[in-house]
There are 2 protein chains.
Amino acid sequence: MTTGPGGWVKEFGTMWTFDAPPLDYWQGAYGFRPTPAWLEHVRLSAARLPGCSASFVSANGLVMTNHHCARSCITAASTPDSNYQETGFVARRREDEKRCPNMYADQLQSIEDITQPIRSAVTTTAPGRQVEQRDSAITAFQETCGRETGLMCQVVSFYQGGMYSVYRFRRFTDVRLVMAPEGQTAFFGGDPDNFTYPRYDLDVTFFRVYENGAPRVADHYLKWSAAGAREGELVFVIGNPGSTGRLLTMAQMEYLRDVTYPAQLAGYQRALSVLRRIAARSEADRRRVENQIFSLENSHKAVTGYRRGLVDQEIMAKKAAFERDFRARIARDPALAARFGTVWDDIARMQAELASFAVQSRWYGFGGSQLLNLAGGMVRMAEQGALPDAERLSQYRGPGLERVRAQLLREVPVDLEADRLTFTAQLEAASKELPAGDPYLAAVLGGRTPEAAARALVDGTRAGDLTTRRGLIEGGAAAVAASNDPMIVAARNIAPLTTPYVKRAEALNAALAGKAELLGQAIFAAYGKSLPPDATFTLRISDGTVRRYPMNGTVAPYRTTFYGLYARSAEFEGQAPWNLTPRWVAGRDKLDLTTPLNFVSTNDIIGGNSGSPVINRDGEVVGLIFDGNIESLPNRFIFTDDVARSVSVHSAGIIEALRKIYDAGWIAEELGGGQTR
Amino acid sequence: MTTGPGGWVKEFGTMWTFDAPPLDYWQGAYGFRPTPAWLEHVRLSAARLPGCSASFVSANGLVMTNHHCARSCITAASTPDSNYQETGFVARRREDEKRCPNMYADQLQSIEDITQPIRSAVTTTAPGRQVEQRDSAITAFQETCGRETGLMCQVVSFYQGGMYSVYRFRRFTDVRLVMAPEGQTAFFGGDPDNFTYPRYDLDVTFFRVYENGAPRVADHYLKWSAAGAREGELVFVIGNPGSTGRLLTMAQMEYLRDVTYPAQLAGYQRALSVLRRIAARSEADRRRVENQIFSLENSHKAVTGYRRGLVDQEIMAKKAAFERDFRARIARDPALAARFGTVWDDIARMQAELASFAVQSRWYGFGGSQLLNLAGGMVRMAEQGALPDAERLSQYRGPGLERVRAQLLREVPVDLEADRLTFTAQLEAASKELPAGDPYLAAVLGGRTPEAAARALVDGTRAGDLTTRRGLIEGGAAAVAASNDPMIVAARNIAPLTTPYVKRAEALNAALAGKAELLGQAIFAAYGKSLPPDATFTLRISDGTVRRYPMNGTVAPYRTTFYGLYARSAEFEGQAPWNLTPRWVAGRDKLDLTTPLNFVSTNDIIGGNSGSPVINRDGEVVGLIFDGNIESLPNRFIFTDDVARSVSVHSAGIIEALRKIYDAGWIAEELGGGQTR
C-alpha cells in the first residue's frame, strides 16, 4: 500500500470523477489546484462516443478522437470507388464533410448522487426481487429525468453498486467525418506493435458536430498547445475508462490468476495452434486466417499482461497490504464490523466453491466445435422452451430463447477441417484435465480417441445444414429427441450433465455480486471518497506526468518522432504491418523528421479512454490517448507507474501531418495549431 | 537438454575450435559443409588483438576491429591539439597512418593437441607439486616451440584443464591507426544502451599491419560482401570469446545464483547509493562521479543478466537434464564410474562448505573503506613478511608481497566523505548479515553504530597519509604493533579473525579446480568432442542466423538503420549519451537513411569476441560483432537463442559512413565495398 497527499492510495490509481476532484492530492503532488471553472470547462469540452472518448477542439464543433474509434464511420462514408480506410479522407470544403450513421457525441452536463432514492426504492427482502425493483427504479428515474430536463439521463453505479449517480448528457447526433488518415498510418505496426511502445501511430480522426444543419458553435472547447507535451510536465487525461477491477479482493484476484486466466490463455493457445496448422495448408488459407491469428495473439498478449500484475509478488504484496488496512478499519468499528466484517471471507469461500468445480464448468457444455454448438442450441431450445421462464437457465430467459432461435436459423459457414481440428484440440485438453471415467468424456468420446470422436461427430452430423436445423426446430422436442444425428445425440447426453453446474455457478455469481456491493459500501465507510471508484465508462480526469521509463536494460524515451516512423519501416524493409502509405513515402522530404509523433505519460487509462484528450495545466491539448504500453496492462487490477505508461499521439505530430502530408492546413488553422516547424 | 544434428547439445552453444569443426552438425542444420581450405582461409584471415578480436580485410594489411578495442591506440595517437577519441581520425595518406604503441595482432598458424606430453610431465602425486610441474612443463614447451618455429606459442587448456593444446601464432607488432570514428558515434547511447538492442553504434576502427615498414601483403583476408547481412541467412563469427562457464555443475551454478551474485549485486547497490548521495551534493560532484555511476549501473546490469538464466526455471531444467544425462553416461561404465562417479557430489559438498562460511568470507577483511584497506595492507605486510613464503596467504607469496608494498607507497587520493559513507554502508550491511556478537563487528564497531564507528575511524586515522605509511612500513612489524592509529588498531584486530577463513577458502577452491579438471576429462569420456569447450580467449568459429526476435510484446527487427540513429537522438532531444557529432548532423542529407547500421544474429559470443568479423557462406564480411543484447547475458552459463542475440555493425553501414560522412571512400574501395547506395 502506497499513500500520497490527500490520502491518495496509489494502487487505486487516478480515475477521478468530476463530482469528487482530489484537490488536496493535486495540490500536494503538483502544487496545482484547478478552479471549479477550470474543471467545468474541461468537462464540457469532453465528449463521449459509442465505446470511446473524444473532445471538442474548435469553436465550430470540431471533435477529435482516435481513428480506431471512427472506423465504422470511415467505412460507411466510403463508396465503391473510394475506400477511405485505405486512402484516408480529407474534406476539402464544409459540404464534403460526410455524415456518420449511428454516431453520436454525448456532452456531460451534470452529475448527481442518487444512492439514497435508488436504495429506498428497494423495499422487498427477497434477493431475486431486489434486483428487479432496483432496475425498475433506475429505468423510471432515467425516463423522468429525460422528460424533465430534455437531456439523456443515465444512472450509473460506482464502487460495485455501493453508490448510484445520475449522469445527464446533451447528445449530438449529427456527427460528420472531416479528416481521417489511412488505416495503415493510424495503426502502423498493426497487431504486433499493439499495446507496446515505442510507437509511431497517427491514430487520429476529426469529426464535426452539427446542430440544425450547421456546425455547432460553442464556448467550451479545448485550445491547442503551441509546444505540445514536454518531458516532465503535469498532464491530465479526460475520458471514459471502461472497466477496471481494483476493488476486487485478494481472493478474487487469485481466482483470476489461478483459474480464469490460465484457462483463457490455454484456450487461445489451442485456437492458435489450429489456425497455424490451417495457415500452413496454402497461401490462400494463410491469408484467410491471418487476421484471426493476429487477433488471438493480441488477446493472448493482453491477458498475459493483465495476469502479469497478479503473479508479481511485489505488486500483490501492495494489494494485500491495502486489504489488511481496509479490514482493520472495518474491524475497529463494531457497527461496521457487524455489517461488513465477514465479506472478505464470504467472497473467498464462494470463490473457493467456484474453483472446486471450475474444471467441469470449463469443459461441460457445447464448446470447441461450431457444429456441437449448433446441436447443443437445438437440444437446449427444445428443453428450455418447455420450462416456465423463471426455471430456465439465464441465457434462455425472456428474450433469450428467441435470440438463440434466430441464431440457429441463420446460415453459418463451417470449415469442416477447422472444426474437426478445434474439436480434437478441445477434447484432448478436456481429457487431460477431467478425471478418467468422467461422464462428459464418456458421453462425447464413447471410448474413442479425441481425434476419432471429433472426426466421427463432425463428419457424421447434419447440424451444419440450415434445412436440417429448421426441420428440427419446427419438429420441437419430439424431433430433437428422435434424432439419431450423432452430434445431436452427443448434445442430448451432454445437456443434463451440464445443467447442474451452470445453475450452481449462476447462483454463486449472483451471491458474489451482492457481496461485491457490500464491499463497495464498506469502502465509503472506511475511506470516504478518497479512493476513486472502478472505471464504469463514465467521465474521469486522471493526472500524470510525461515521463521516460526503464525498458529492456535501457531507457524508453518520453517521445517518438517521425524519424522513428521511417526507421521502424526501414528496419523491416517496409514489410506489413510496418509499410508506409504512398502519401508518406512521397511526403517524407516535406516533413521535419524531428517532430514528435507519440509520447508517454503516467496517466491512468484503460479501454474506453481511446480518443481522450491529454491536456496541460492551461487546459490546452498536448496529445491524444490511443493505447497503453504492455507494462500498463497489469494496471487493470493494481495501478503502478514505475514502467506503466499511457501512449498518446503528440499534438505537434498531428499539426505537422495535417499541414505537410494531408494538405489540410485549414484544419491546423481551425485548431489554432499556430506552430509551424 | 536440447539436441541437434551431429550430437549437438544446444545448451553448450557453438563456440567451436578450428581443430574440431562440427561438420556433421553444420551439414544437418544448414546443409553447409565447409572445406578444409575454407576453414584454413577463414582462420588465417582472423587476428587476435590484446583482449579483442579482429580480421584482415584487404590485400594490403587492413585490419578491422571495434572502436572500443582500439581506444588505447586512438588516445596514444592523439596530440595536444587533436583528441581523436572526440573528433575521430582518418589517415588521408599512407604516411598519416599512426603507429599504435603496445598493439599487436596475432594470426593463428596451427593447433596441436598436447594433452599427453603435458600430463606425462606431471610425475609427482603431491597435489601442490603437480601444479608446479605442469606449469614448468608448459613454460618449457612454449619456449622450445617458439625457438623451433619462430612463432609465438601458447599452451591453452580446454574443458577446465581436461585437455591441453598448443596454439602457434604469427605476431605482427607494427600496427597503425587508419580510421576511427568519434567515440560518441562508436558508443552512441553510452552505458544506458550498452548490452541492449535496437542499437545504433558505428563501433568500428581500421588498423593496418606493416611488415618491415611496408603494408603487409597477404593472400588470406576476408572479402567484402556486396549485400551485407540479410534476414534469415547463415553467418559465422570468427573470434576469441574470453570466458564462459557452461561446464559448471548445477551445484556451482546454484552457488553463483544464491551466494556470489546476490552479494555482488548488493555491493553494487551500496556503492551506487553512496555515489548518488555524493552526486547530489553539487554539479561538480555529479560530473566527477557520473562515469563511476554509469559504470556501476552497467556492472549491475551485466550481473543481473548473468543471473537471469540461473533463476529461470526453464533454462535451469535444461541444464539439469544435461547433467542427468552426463551422470548416467558415466554411471553406465564401471571404469568411468570409478574415476568420475563422485565428482558432482564432491563439488556439491565443497560448494556447500564454502557457502557455510560465505558470510564471514564476505565481511571479514579490509573492504568497504580505502583507508581500512591501506591500514590492512600495512598490518598484513608486517605479518606476512615475517613468514616463510610457502606459509603466506597466496596474495603475499612470491612477488605478491612486493606488489602490495609498492601499492602502499603510492599516493592514493581519498575522498574522506565518500570513504565514510561507503564504510558506513558496508558496516550496516555487515551488521544485518552477521550474527549479534560477531567478533568482526565487535572489533570494528566496538559498541558504536556503523555510522559512528566509520566516522571515528576515518576521521581519526593517518593511513591516508603517505609519509605515515612510509614510516610504518620502514618501521616494520614493531612499528605496526606499536601504532595506536585507530584504523591500524582495527586492522590488527581484524587480521587474525580473517586468516583462517581465507585459508579455508583457498584450500577449497584449489580442490574445486582439481575436481573441475576431472569433470573436463569426464566430458570427453562421455561425449567425445561433440561439445565445444568453454571459451578460453582462443580462436573459435560460431554458426548462427540473422534473425529478428520477440521483444517487449512486439518484434525487435533484425536490423537498425541510419534513420533509427537520428530517431533515437531526436527522441531524447539530442541529450547525451544520445547526442550526434557535428559531422553526423552536417552529413545527414548525404546519407541514404535506409542503410542498415546494426543487426542481430544467433551466433554464440562473449567478451573477447569484440571486433570479430561476421561472414557469410562465401567467407565475405557481412558485419562486425560489437555487443550482445541483454537477453544474451544468461548465455554465459547456458546457451539459448530464443531471444538472445549477438549485435553487429552492418557491413553496408560501414561503407556508407566511410563514403558519406568520413570522406574515406578510398578505404571503402580498398575493402572492395563496391556497393554505392
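**Exercises on cavities and helix packing in a predicted model**

In this predicted model, the lining of the largest cavity comprises 15 nonpolar, seven polar and five charged residues.

**Exercise 1.** Determine which residues lie closest to the centre of the largest cavity, and which elements contribute to its lining.

*Solution.* Begin with the count of cavities: there are twelve of 30 Å³ or more. The largest has a volume of about 360 Å³. Its lining holds 27 residues, of which A:P198, A:Y200, B:P198, B:Y200 and B:M551 are the closest to the centre. Next, assign the lining to elements: two or more residues come from each of β16 (554-556) and α22 (562-571) of chain A, and from β16 (554-556) and α22 (562-571) of chain B.

**Exercise 2.** Identify the element that gives the most to the lining of the second largest cavity.

*Solution.* The second largest cavity contains about 90 Å³ of space. Among its 13 lining residues, B:T17, B:A20, B:Y159, B:K529 and B:P533 are the closest to its centre. At least two lining residues are supplied by each of β1 (16-17) and β9 (163-172) of chain B. With three residues, β9(B) gives the most. By class, the lining has nine nonpolar, two polar and two charged residues.

**Exercise 3.** Describe the packing of α9(A) against α17(A).

*Solution.* First, the geometry: helix α9 (residues 250-279) and helix α17 (residues 416-433), both of chain A, pack at about 145° with axes 10 Å apart. The crossing of α9(A) past α17(A) is right-handed. Then the contacts: A:R270, A:V274, A:R277 and A:I278 of α9(A) meet A:A418, A:L421, A:T422, A:A425, A:Q426 and A:A429 of α17(A). Finally, classify this contact: six residues are nonpolar, two polar and two charged.

How values were computed. Residues are numbered from 1 along each chain as its sequence is written. Chains are lettered from A and ligands numbered from 1 in the order in which they are written. This is a predicted model: local features need pLDDT of at least 70, side-chain atom pairs count only at pLDDT 80 or more; totals for chains, interfaces and linings use all residues. Side-chain values use heavy atoms; hydrogens and water are left out. Axes are lines fitted to C-alpha atoms, for helices over the stretch in contact, and angles run from 0 to 180 degrees between N-to-C directions. Helices (H or I, at least four residues) and strands (E, at least two) are DSSP runs, numbered from the N terminus. A crossing is left-handed if the near helix is turned anticlockwise from the far one by less than a right angle, and right-handed if clockwise. Contact means heavy atoms within 4.5 Å. Ala, Val, Leu, Ile, Met, Phe, Trp, Tyr, Cys and Pro count as nonpolar, Asp, Glu, Lys and Arg as charged, and the others, Gly among them, as polar. On a 1 Å grid over the protein atoms alone, a cavity is a set of points where a 1.4 Å probe fits but cannot get out, and a pocket is an open set with protein on both sides within 12 Å along at least five of seven lines; lining residues have an atom within 4 Å of a point. Grid points are joined across faces, edges and corners, and a volume is the space filled by probe spheres set on the points.
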